[in-house]
Amino acid sequence: MFKWAIIFAVIGLIAGALGFTGAAGAAMGIAKLLFWVGLIIAIVLFILGVTIAKKVT
């Protein structure tokens with residue numbers, strides 16, 4: 001998830017530097033969305049891992 005967020009952020013920065021503001025805005029929007037989704041998934045999996053690990057041991 002974070003890998004794709006970084007890729008879209010780089011695409012957005014390059015497109016913005018070249019003057020493609022529409023494509024840059026779309027790419028940065030996708031990068032933000034992927035970052036937050038990845039962060040939420042990571043937090044949920046961390047919480048599940050901590051709670052399940054306590055039950056297993």
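Lys 54 is exposed, with a relative accessible area of 64% (exposed means over 50%, buried under 20% and partly exposed in between, using a 1.4 Å probe and protein chains only). This is a predicted model, where local features need pLDDT of at least 70, side-chain atom pairs count only at pLDDT 80 or more, and totals for chains, interfaces and linings use all residues. Residues are numbered from 1 along each chain as its sequence is written, and side-chain values use heavy atoms, leaving out hydrogens and water.

So where does Lys 54 sit? Lys 54 lies in helix α2, which runs over residues 21–56 and reaches 52 Å from its first C-alpha to its last. Helices here are DSSP runs (H or I, at least four residues), numbered from the N terminus. Lys 54 is 37 residues from Ala 17 in sequence and 50 Å from Ala 17 in space, C-alpha to C-alpha.

Now look at the other residues of α2: Ala 24, Ala 27, Ala 31, Leu 34 and Gly 38 are buried. The buried residues of α2 pack against α1 (2–18). An α-helix has 3.6 residues a turn, so residues three or four places apart point the same way.

How do the two helices pack? α1 and α2 make an angle of about 160°, with axes 8 Å apart (axes are lines fitted to C-alpha atoms over the stretch in contact, with angles from 0 to 180 degrees between N-to-C directions). α1 and α2 are therefore roughly antiparallel, the word for angles over 145 degrees.

How values were computed: The expected span of a helix is 1.5 Å times one less than its number of residues. Contact means heavy atoms within 4.5 Å. Angles under 35 degrees count as roughly parallel, over 145 as roughly antiparallel, 65 to 115 as roughly perpendicular and the rest as oblique.
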